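Subject: Structure handover

Hello,

Here is the structure you will be working with. Please open it beside this email while you read.

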Amino acid sequence: MIRHALSRLALCSIVAVTHIVLLDCFAEDNSTKLPPAANKNVDFVRDVRPIFQRACLRCHGPDKQKSEFRLDVRQAALTGGESYAPNIVPGKSADSPLVKMVAGIGDITMPPEGDRLSVEEIGLL
């Protein structure tokens, strides 16, 4: 009887794991939910730095580095923090966790407090 119960439990576990794997395989491509990329040459100082200063640097700047992630130092920004490294994939915004986070796609939304980035700002990133 115990062996039968364990076999049923094992079978249920296998079915549940298979279901999760299949759901993940057929999950919607979230990159299609991203705003369109800016259709102009983006200048970091003119276009991106002001966004980081307004929305990001209070938690990911010189005074504080949540999740060990900094956006005020280029190499640190490109390397990434303790999670999702690298957070920025140059030239591939749809593959960049940072862009997905500010777009509200996935399990983390940034910034967690205050004004969210506009569609245009996300497109610039």
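Predicted model: local features only at pLDDT ≥ 70, side-chain atom pairs only at ≥ 80, totals over all residues.

Residues are numbered from 1 along each chain as its sequence is written, and side-chain values use heavy atoms, with hydrogens and water left out.

Pockets

Rolling a probe the size of a water molecule over the atoms shows where empty space is left. The search runs on a 1 Å grid over the protein atoms alone, and a pocket is an open set of points where a 1.4 Å probe fits, with protein on both sides within 12 Å along at least five of seven lines. Lining residues have an atom within 4 Å of a point. Grid points are joined across faces, edges and corners, and a volume is the space filled by probe spheres set on the points.

The largest pocket holds about 690 Å³ of space. Its lining has 31 residues, and Phe44, Val48, Phe52, Ile88 and Leu125 lie nearest the centre. By class, 22 of the lining residues are nonpolar, five polar and four charged. Here Ala, Val, Leu, Ile, Met, Phe, Trp, Tyr, Cys and Pro count as nonpolar, Asp, Glu, Lys and Arg as charged, and the others, Gly among them, as polar. At least two lining residues come from each of α2 (44-55), α4, α5 and α6 (119-124), and α2 gives the largest share, five residues. Helices are DSSP runs (H or I, at least four residues), numbered from the N terminus.

The second largest pocket holds about 330 Å³. It is lined by 19 residues, with His60, Lys66, Ser67, Met101 and Met110 nearest its centre. Two or more residues of this lining come from α3 (57-60) and from α5. The largest share, three residues, belongs to α3. The lining divides into eleven nonpolar, five polar and three charged residues.

Nonpolar core

A nonpolar core is a set of buried Ala, Val, Leu, Ile, Met, Phe, Trp, Tyr and Cys residues joined through side-chain atoms within 4.5 Å. Buried means under 20% relative accessible area, exposed over 50%, and partly exposed in between (1.4 Å probe, protein chains only). The largest core has 17 residues, of which Phe52, Leu71, Leu98 and Leu117 touch the most other members. α2, α5 and α6 each supply at least two residues of this core, and the largest share, four residues, is from α2.

Single residues

Contacts here are heavy atoms within 4.5 Å, and residues up to four places away in sequence are not counted. Leucine 98 touches Phe52, Phe69, Leu71, Asn87 and Ile88. Asparagine 87 sits in the loop between α4 (74-79) and α5 (97-102) and is buried, at 5% relative accessible area. The contacts of asparagine 87 include Phe69, Gly80, Pro97 and Leu98. Alanine 76 lies in α4, is partly exposed at 23%, and touches Phe69 and Arg70.

Cysteines

How many disulfides does a search of the whole structure find? It finds zero, where a disulfide is a pair of cysteine sulfur atoms within 2.5 Å. The sulfur of cysteine 59 is 8.9 Å from the closest cysteine sulfur, in cysteine 56, which is too far for a bond. Cysteine 56 is buried at 8%, and cysteine 59 is buried at 16%.

Regards
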